Amino acid sequence: MSLELCNETAPALAQVRQSLVSLIKQADRAGANALLNSWAAHHGYEQVFKELLEPALIGIGESITGEKHTLAQAYVAAKVAEDMLTRAVNQPGAIDHDEPAKGPVVLGNPEGDFHALGRRMVATMLRSKGWLIHDLGNDVPAEEFIGQALATGARIIGVSAMTMTTAQGIRALRQEIDARGLRGRIQLAVGGAVFLVMPGLAEDVGGDGTASSMFAAPALFDRLWQASLQAELSHA
Amino acid sequence: MHSAMRFANLLRDQPTDRRLFTLVLSLYGARLTACPLDQHYTDPLAYARGQSAVRETFQPDVLFAPVAVALIGAAFGGRLRYLTSNAPTLAQPAIESAGEWQDLNIPDPERQPHLVFVREALRRMVAEHRDQVPVAALFLTPVDIPMLVMGMDAWMDTVLFDRPAAQRIARSLIPFFVTMTNGYLDDGAAYVILPCAFASPGIVPRTIAEQFSRPIMAEALAQLRGPVALHHLDPPLLPHLDLLADLPAVGGFSLASADSLSQARSLLGRQPILLGGPEVRLLRQGTSGEVEATCRAVLEDRRDDPRFILCNSGADLWLDTPPENIHAVRRAVESWASER
């Protein structure tokens, strides 16, 4: 499949986006990368992210929620975003650095949770939107989450849990945040498979917010970051 | 009529005194015997004692050998973490990429301690209950075992982006799968439950289920000496059910609460046993009245479908599931039968 594009013959942007969505849904990582590379060669990486990749990922996120959700498709989307980020980072001048990076934020799975896939995909989505991530990995104690957040100046701790049992472990983190007087200043984002099937669980374990999919995570983090700033202002 | 007779009659299309029901109470046995979970999942005698307590307390028509898939990953060399309120989990897979597979030793089903534990627990349960209550065992198909050996990320990556390697790995597991599953059947398991991850509509698109998972499953299942039941795992299975309908050795399908049992029956024909019912979350958090009402609605839906077993959807019941909710399932089955 030839995906060469040029300014004169480029199909409408909407069509290219649709092609990208289709390739990702077919798990055609190579095809998606070829399409993005071709677009980047003519329009630059900045435009690829803003006009092609981000809208496509949002479209995929909207179309694969609910019963149509396929883990493999979300995984391919994250991989394509990761591939693009890697290339852009390694390409001097590829990204406009006038826009400040967001964050930092801390991510991890709670104690006893070893399901890394969801967390890694969320991290990729956040990085693609400019967030600086400190990924603490699996099986992270509450103290370590908070210690790392304080050490790095993170205003958000994102916790990914796969099961009800490990999600319950987030309560300990909530209690620790509150006990140290950090409620509001440090926002607690929670997510993972169990939160999708148990409405109300995020509030129940003390989360400040959750997202329906990895595609919705950047908007959640934007909101929580603002909430943290406002909380700090109100305490000042 | 005891449970083994009901089960036999169900298979022979003979009448039963009431509908069969069961719940996956593998973990719950530890609660009934106050057994620490590290012992529950390592000591066959302790596990079997828990299932005897399950039978005595709730009288389900099918009992379950250990439901702890992390043990399979640990058998390959993964690091296991025993938990205080759930089945053990894998803290670290044995390998991290498909490239390491060639140096991996397939565990010996007769000697590997985690595998021997499951076999021995099954044998003890069969020896104690088989005359009166069937015992089911659980294993994974060759397309799903690798996610426990190399982790979900690495296996997903391999299936999506290096299909020849994925096929090579999955095919290399067929003899192990056949030995283990036939071993369970030889030990007296009434059937073996096989959760479907890489054939699930929630995990992979249809093309992967059709072109990768199905052919390998067909090759593996054709070598079995007894029946298996394919399990929905967590998401609904219906969108891929047609791909799994005519696989060899498949005698039943355990479906999600969101699956339409009527549509499944229409698609599968009258022969396969269908299993379905309240999901584990309702059993844990609902009231006994809600559980009983849900069970009765399912039984009513299956009124003209004799080849049906009421069974929870989802996985093993949570340790803190209220016992009255489990009793409510049996009460629904008994009261529904008495009203007919």
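In this predicted model, strand β3 (residues 156-160) of chain A pairs with strand β4 (residues 187-191) of chain A in the parallel sense, over five bridges. One such link joins A:Ser160 to its bridge partner in β4(A), A:Gly191. The points below cover the sheet, the nonpolar cores and the cysteines.

**Sheet of chain A**
- Strands of a sheet pair through backbone hydrogen bonds, either parallel or antiparallel.
- The open sheet has five strands in the order β2-β1-β3-β4-β5 (chain A), and the pairing is parallel.
- β2 (131-135) and β5 (209-210) of chain A each have a single partner strand, so one side of each is left without a neighbour in the sheet.
- Helix α6 (residues 142-152) of chain A packs on the sheet and touches β1 (102-108), β2 and β3 of chain A. The direction of helix α6 makes about 165° with that of β1(A).
- Helix α8 (residues 170-179) of chain A lies across β3 and β4 of chain A, at about 175° to β4(A).

**Nonpolar cores**
- The largest nonpolar core has 176 residues; A:Ile157, A:Phe195, B:Phe139, B:Trp155 and B:Phe198 touch the most other members.
- Helix α4 (residues 71-89) of chain A gives the most to this core, with 12 residues.
- Beyond its neighbours within four places in sequence, A:Phe195 is in contact with residues including A:Ala161, A:Ile170, A:Val190 and A:Leu201.
- Another core, of 16 residues, lies apart; among them are B:Phe7, B:Val62, B:Val67 and B:Ile309.

**Cysteines**
- The count of disulfides over all chains is zero.
- For B:Cys196, the nearest cysteine sulfur is that of B:Cys311, 15 Å away. B:Cys196 counts as buried, at 1% relative accessibility.
- For B:Cys311, the nearest cysteine sulfur is that of B:Cys295, 10 Å away. B:Cys311 is buried, with a relative accessible area of 4%.

Notes. Residues numbered from 1 in each chain as written. Chains lettered and ligands numbered in written order. Predicted model: local features only at pLDDT ≥ 70, side-chain atom pairs only at ≥ 80, totals over all residues. Heavy atoms only, no water. Disulfide = S-S within 2.5 Å. Buried < 20%, exposed > 50% of the residue type's maximum accessible area, 1.4 Å probe, protein only. Core = buried A, V, L, I, M, F, W, Y, C linked by side-chain atoms within 4.5 Å. Helix = DSSP H or I, 4+ residues; strand = E, 2+ residues; numbered from the N terminus. Contact = heavy atoms within 4.5 Å. Pairing = 2+ DSSP bridges. Axes fitted to C-alpha atoms, helices over the stretch in contact; angles between N-to-C directions.
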